[in-house]
Amino acid sequence: MLARNELFPHVIEMNYQARRRMGCSVYLVFDGNDWLLIDIGYEDTVAEIVELIRQMDFPLANCRYLVATHADVDHVQGLKAAKALLPNAEIVAHPHAQPAIESGDRIVSFAEIEAQGISIDFPAVPIDRTIEDGDTLKLGGLELETWYTPGHALGQLAFRMGDLLFSGDNVYRDGCVGNIDPHHGSDLEDFIASLERIRDCDVKWLLPSHGPVFRHDRAMLQKVVDRLSGYLHMADFGTCAVDWPLLKEWEGELLEGFDPEKA
Ligand SMILES: [Zn+2]
């Protein structure tokens with residue numbers, strides 16, 4: 001048997017378990033023989049991840065849920081392959097992520113970014129159960145509270161379990177946040193609200209979908225909120241911004257006319 005490398009009681013993360021970077025964070029939460037996965041990552045690592053789980057003596061028939069935090073291809077491309085290996089598991093997602101996963105939507109998921117030459121498969125797979133904010137995922141004696149945290153992508157979920165928050169692509173240890181892009185439903189005002197909710201909660205640890213696990217730090221999260229609040233008014237963020245104050249200034253200057261002496 002492969003020794004289980006628990007980050008916290010009942011929580012294993014597969015990159016930490018393998019001691020190398022395989023892709024997005026894949027959290028295995030377990031109680032007794034029952035277990036679930038939060039995200040699965042790319043298709044080409046599914047077999048290896050499931051084999052590691054088998055070697056850790058988790059019965060494959062006892063995988064209860066395959067949870068999709070959201071529909072980005074780097075988190076969910078492997079769902080169909082995982083379901084084939086773990087047929088008893090229910091695939092779980094938020095209703096707003098469901099259409100993209102069930103249709104294999106290549107634009108919303110970032111599987112297809114034509115201008116950058118990115119084009120990969122996104123196998124469509126049916127969602128077995130949708131969950132909303134406040135719903136509970138039960139696993140043995142454990143309960144994961146569902147948080148709907150929109151802003152980065154359509155239907156993004158986070159999960160609270162005691163002092164831990166499986167925080168998805170909301171925020172990473174260095175203060176970066178999940179990609180802001182209108183093509184996968186980013187909304188800066190929603191994103192700020194999700195980050196404020198995370199800032200104000202009393203969890204001790206954030207378990208993100210990329211990069212290291214880190215301590216909840218209110219001051220650090222406030223800086224992230226402040227940064228994104230600035231983005232609301234910057235042309236850099238295109239249609240994700242709500243306005244661009246320079247255009248108002250320009251309107252006034254257009255009335256006055258251009259004067260090289262004053263510019
Ligand atoms: Zn994402």
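This is a predicted model: local features need pLDDT of at least 70, side-chain atom pairs count only at pLDDT 80 or more; totals for chains, interfaces and linings use all residues.
**α8.** I started with how well α8 is covered, and it is hardly covered: of its twelve residues, the count of buried ones is zero. I then checked the length of α8, which runs over residues 245-256.

**α6 against α7.** Next I looked up how helix α6 (residues 188-200) packs with helix α7 (residues 218-231). The angle is about 170 degrees and the axes are 9 Å apart. That makes α6 roughly antiparallel to α7, since an angle over 145 degrees counts as such. From α6, I listed Leu188, Phe191, Ile192, Leu195, Glu196, Ile198 and Arg199 in the contact. On the α7 side they meet Arg218, Leu221, Gln222, Val224, Val225, Leu228, Ser229 and Tyr231. Sorting the residues of this contact, I get ten nonpolar, two polar and three charged. A reminder to myself on spacing: an α-helix has 3.6 residues a turn, so residues three or four places apart point the same way.

**The six-stranded sheet.** I traced an open sheet in the order β10-β11-β12-β13-β14-β15, and its pairing is mixed. Which strands stand at the edges? They are β10 (136-139) and β15 (214-215); each has a single partner strand, so one side of each has no neighbour in the sheet. Inside the order I looked at β11 (residues 142-148) and β12 (residues 157-161), which pair in the antiparallel sense over four bridges. Tryptophan 147 sits opposite alanine 158 of β12.

**Around β6.** Then I went to β6 (residues 90-93), which runs parallel to β5 (residues 63-67) and is joined to it by three bridges. Tyrosine 65 has glutamate 90 in β6 as its bridge partner. β6 also pairs with β9 (residues 129-130), again in the parallel sense, over two bridges. Here I noted valine 92, whose bridge partner in β9 is arginine 129.

**Arginine 4.** Last, I looked at arginine 4, in the segment before β1 (6-8). How many C-beta neighbours does arginine 4 have inside 10 Å? I get 14, so arginine 4 counts as partly exposed. Leaving out residues up to four places away in sequence, arginine 4 touches Ile12 and Met56. I also checked arginine 4 against histidine 70, which is 66 residues apart from it along the chain: their C-alpha atoms are separated by 27 Å.

Terms used
Residues are numbered from 1 along each chain as its sequence is written. Axes are lines fitted to C-alpha atoms, for helices over the stretch in contact, and angles run from 0 to 180 degrees between N-to-C directions. Angles under 35 degrees count as roughly parallel, over 145 as roughly antiparallel, 65 to 115 as roughly perpendicular and the rest as oblique. Two residues are in contact if their C-beta atoms, placed from the backbone, lie within 7 Å. Ala, Val, Leu, Ile, Met, Phe, Trp, Tyr, Cys and Pro count as nonpolar, Asp, Glu, Lys and Arg as charged, and the others, Gly among them, as polar. Two strands pair if DSSP finds at least two bridges between them. The expected span of a helix is 1.5 Å times one less than its number of residues. A residue is buried if 20 or more other C-beta atoms lie within 10 Å of its own, exposed if 12 or fewer, and partly exposed in between; C-beta atoms are placed from the backbone.
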